[in-house]
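Trainee: Can we go through this one together? I would like to start with the helices.

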Amino acid sequence: MKRIVIVGGGAGGLQLATSLGRHFSFNRFHRRNKSPVAEVILVDKNRTHIWKPLLHQVATGALDSSLDALNYQVHARANGFHFELGSLRGLDRAAKTIELAEVCDSDGQPLVPPRNLEYDYLVVTLGSQSNDFHTPGVREHCQFLDSAEQAQKFHTKLLDQFLQLENRVAEEVHIAIVGGGATGVELAAELVDAVHEMGHYSRIKNGDLKVTLIEAGPHLLPALPSRLGNSSQKELSKIGVRVLTGTQVAEATATGFVTKDGEEIPAAIRVWAAGVKAPDFLKSMDGLSLNRQNQIEVESTLRSKDDPAIFALGDCAGCEDANGQKVPPRAQSAQQMAKTASDNLIRLIENPDAELQPFTYKDRGSLVSLSKFDAVGNLMGGLVKGSLTIEGRLAGLAYRSLYRMHLAALHGWPKAMLLYVIGQANRFVKPRLKMH
């Protein structure tokens, strides 16, 4: 039996494991043969999955990750693959093994010793992390939103600041966000809405929280047309966010940011959401070629250029598609790459001589939510001819549908719609904001 090991349970890795698990465990052909011809193992350092584009809502408390998170072990059992809790520590390409670090409890005590996993095919889909561009003080003094754990840490700090406002230990609280991309814009809007929702349960008023959004480029949302970035800036300014464009940060301190022009921007909570790169750990991956963003260099088939037994997809893959187009680090990219990787791995298992399919990226557009205030974006591909910019209710509806489509890819549409109904019921009976 062949073994496929997938490291990383993000949008791409989880979808790939689900697709392969269903194929090899539930496919009629394999059932006739009584035993599957391939075993699929998903490895992740967390027990649960939360869709990364929703982390800004986890950070503000608009989304309760304990209700919306997917348990890997339960999902694996239902979809024909296995789950291993652990972090990748090493790779031995000659022996075709990966080493997983020991698993410890919350007190740092070891639960499971380091262990090795053999593979016939390895898929690396470790996602990305924020790029601090070696800016002094960022790693020491800033919050990041690269994982559910970091988002929850931000949420705890936010509640601490709300407590000080409630007891008038502080008259106002300043939060500064560096990076005017989707994460920074969405977080800024959600923070304003969070203060409004807190007003239902405390003496906190609108305006007690001051949010500053800092972008080095000439306009917000640099990946979208400038008109949409300008529209977002206008909407954010209307709801009280201070927006600084064309402003470069020279240093982060314990009390705020210092710009290259020498301006000091005070902030009790400092968020860095500017730029992404693949995890630094990949530099130690047994001689695999990386690009400047630490991404594993792969062919258009998503196979590593150095090892035919290793694939990479998502934000950690440096890839040009079949048309020579650079693939951007987006959730939709990872999900599309997962489909190609699944098809190619099935080909390799069932017919080793088959020609692999090159990946072709189809840009479906980008959508950005400004909490309940607005949404902007552009639609591309099969939905419209060329590109269509959208705003307001239509953009908001399209944005919310993205998460439903992600759930449908994992569970199928009937269960995805049931989860939606349950989610709406929870929002009706529970507080509007997570308070713990």
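Mentor: What follows covers a pair of helices and then a sheet. This is a predicted model, in which local features need pLDDT of at least 70, side-chain atom pairs count only at pLDDT 80 or more, and totals for chains, interfaces and linings use all residues. Residues are numbered from 1 along each chain as its sequence is written, and side-chain values use heavy atoms, with hydrogens and water left out.

Trainee: At what angle do α1 and α5 pack?

Mentor: About 30 degrees, with the axes of α1 (residues 11-26) and α5 (residues 72-79) 8 Å apart. That makes α1 roughly parallel to α5 (angles under 35 degrees count as roughly parallel). Axes are lines fitted to C-alpha atoms, for helices over the stretch in contact, and angles run from 0 to 180 degrees between N-to-C directions. Helices (H or I, at least four residues) and strands (E, at least two) are DSSP runs, numbered from the N terminus.

Trainee: Which residues in α1 and α5 meet?

Mentor: L14, T18, G21, R22 and F26 in α1 meet Y72, H75, A78 and N79 in α5.

Trainee: New topic. What is the order of the open sheet of 3 strands?

Mentor: The order is β6-β7-β10, with antiparallel pairing. Two strands pair if DSSP finds at least two bridges between them.

Trainee: Which strands stand at the edges?

Mentor: β6 (88-92) and β10 (115-118) do; each has a single partner strand, so one side of each is left without a neighbour in the sheet.

Trainee: How many bridges pair β7 and β10?

Mentor: Strand β7 (residues 97-100) pairs with β10 over 4 bridges, in the antiparallel sense. L100 is opposite R115 in β10.

Notes:
Angles under 35 degrees count as roughly parallel, over 145 as roughly antiparallel, 65 to 115 as roughly perpendicular and the rest as oblique. Contact means heavy atoms within 4.5 Å.
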